[in-house]
Amino acid sequence: REDLKRCLMESATSRDTITSNANDDDDSQFTNEMHNKSTGDVEKGTGDDDDDDGTTTGDDQEDDVTLRIYWDLLRNNADFRNYFISANITTASEFVTLIANITMIEDFQGDDKQSLYISALIIVKMSMGIFTSIGLGGALADTRDRRNIMIWINMITCGIALLNFIPLYYESIPGVYGVVALYQILYGLYNPASAAILPKTVNGDPGEIRKATVLMMTTTMGAMAPLGSAIGGIIVTNYGVSACFVFDSVSFLLSALFLYMMKGVYLPDKRNDVKTVEGRASESKFAKSCRMTREGITYTRKEFWGGLIFLRSSIGFQFGAMDVLMVSLSESIPGNSTMNLSWLY
């Protein structure tokens with residue numbers, strides 16, 4: 001009993017000493033914080049005075065840091081840089097072709113049912129790639145080297161771009177639809193591989209993946225889409241529709257060259273589930289596509305963000321309607337309708 005009493009007293013004494021030291025540390029920390037705050041207020045006041053004289057503000061410095069982060073990503077990662085350039089070239093070429101195809105239909109059809117034929121073109125463009133992207137594109141990206149898939153599709157698309165000369169020569173609107181359908185089928189195979197290769201270009205680092213994704217989305221669809229439309233309008237107006245197809249063919253070849261310059265290995269990750277591997281060893285390509293489609297739908301239904309995919313799909317219908325409306329608007333605005341359409345896009 002005496003030993004226990006002595007231990008309790010020593011424990012209480014030690015606790016009081018620690019509390020006293022902690023209070024002293026808190027007082028010292030509070031004093032230092034107040035000193036730093038007062039010093040910061042003085043420096044801040046001086047900074048405000050300097051801002052009136054034209055010096056850099058904190059917001060400008062923050063913007064500079066943000067830009068430097070993305071610039072360092074492009075400068076230090078050669079594989080991502082080549083992938084980034086290739087994707088932007090492909091996106092710009094796609095919109096150059098769209099302007100050329102719409103101009104062809106306008107020239108072939110005239111004013112009679114022109115909007116109807118252009119609406120059909122938009123439907124072909126938006127729908128044909130969906131079927132190959134959902135099933136075959138995903139299965140192909142999960143079984144083959146993604147970089148090789150993209151290189152071969154760009155090489156094939158380089159040749160398909162020149163097929164536009166056939167409907168141009170015969171003035172065939174169904175021929176235009178057929179070439180656009182081939183474009184979109186290949187794009188449906190290209191898109192899953194392009195999306196799956198992005199994490200591997202930055203070695204799977206989560207922070208780098210976020211930066212790379214933001215950079216790709218803002219430049220590819222935010223900048224290159226309108227730039228490609230403007231380039232298409234300028235080429236059609238000054239050099240004719242045929243020049244657009246030559247431009248596209250060279251662009252896809254250049255895109256494949258940048259992909260070829262990537263040095264990494266972009267094979268899909270192997271699954272370690274023994275039962276899964278044994279049960280699907282004899283699975284056909286078509287059965288695998290159907291299974292992966294079902295798994296994808298089930299996965300999105302379970303995730304909280306799954307509804308955003310369907311929301312974006314519904315917004316796509318509005319974009320399709322706007323494509324047709326922009327054609328009518330471009331004709332109602334004074335001046336060259338093709339150039340007007342390219343600026344509207």
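A residue counts as buried when its relative accessible area is under 20%, as exposed when over 50%, and as partly exposed in between, with a 1.4 Å probe and protein chains only. By that rule, 35% of the 345 residues of the protein are buried. This is a predicted model, in which local features need pLDDT of at least 70 and side-chain atom pairs count only at pLDDT 80 or more, while totals for chains, interfaces and linings use all residues. Residues are numbered from 1 along each chain as its sequence is written, and side-chain values use heavy atoms, with hydrogens and water left out.

**Whole chain.** Show the protein as a cartoon. There are 13 helices and zero strands (DSSP runs numbered from the N terminus: helices are H or I of at least four residues, strands E of at least two).

**Confidence.** Next, colour by pLDDT, the predictor's confidence in each residue, from 0 to 100. The mean is 77, and 74% of residues reach 70 or more.

**Helix α3.** Select residues 78–109. This helix, α3, has 32 residues and reaches 47 Å from its first C-alpha to its last, close to the 46 Å expected at 1.5 Å a residue (the expected span is 1.5 Å times one less than the number of residues). Of the 32 residues of α3, 26 are buried. Just after the helix, Gly 110 has a positive phi of about 75 degrees.

**The largest core.** Now select Phe 80, Tyr 83, Met 150 and Met 216, the residues with the most contacts inside the largest nonpolar core, which has 31 residues. Such a core is a set of buried Ala, Val, Leu, Ile, Met, Phe, Trp, Tyr and Cys residues joined through side-chain atoms within 4.5 Å. Elements giving two or more residues to this core include α3, α5 (146–162) and α8 (206–239). Its largest share, eight residues, comes from α7.

Which residues does Tyr 83 contact, leaving aside neighbours within four places in sequence? They are Met 150, Ser 194, Ile 197, Leu 198, Thr 201, Met 216 and Met 262.

**A separate core.** Finally, select Leu 121, Ile 122, Val 180 and Ala 181, which are among the 29 residues of another core, apart from the largest one.

Conventions:
Contact = heavy atoms within 4.5 Å.
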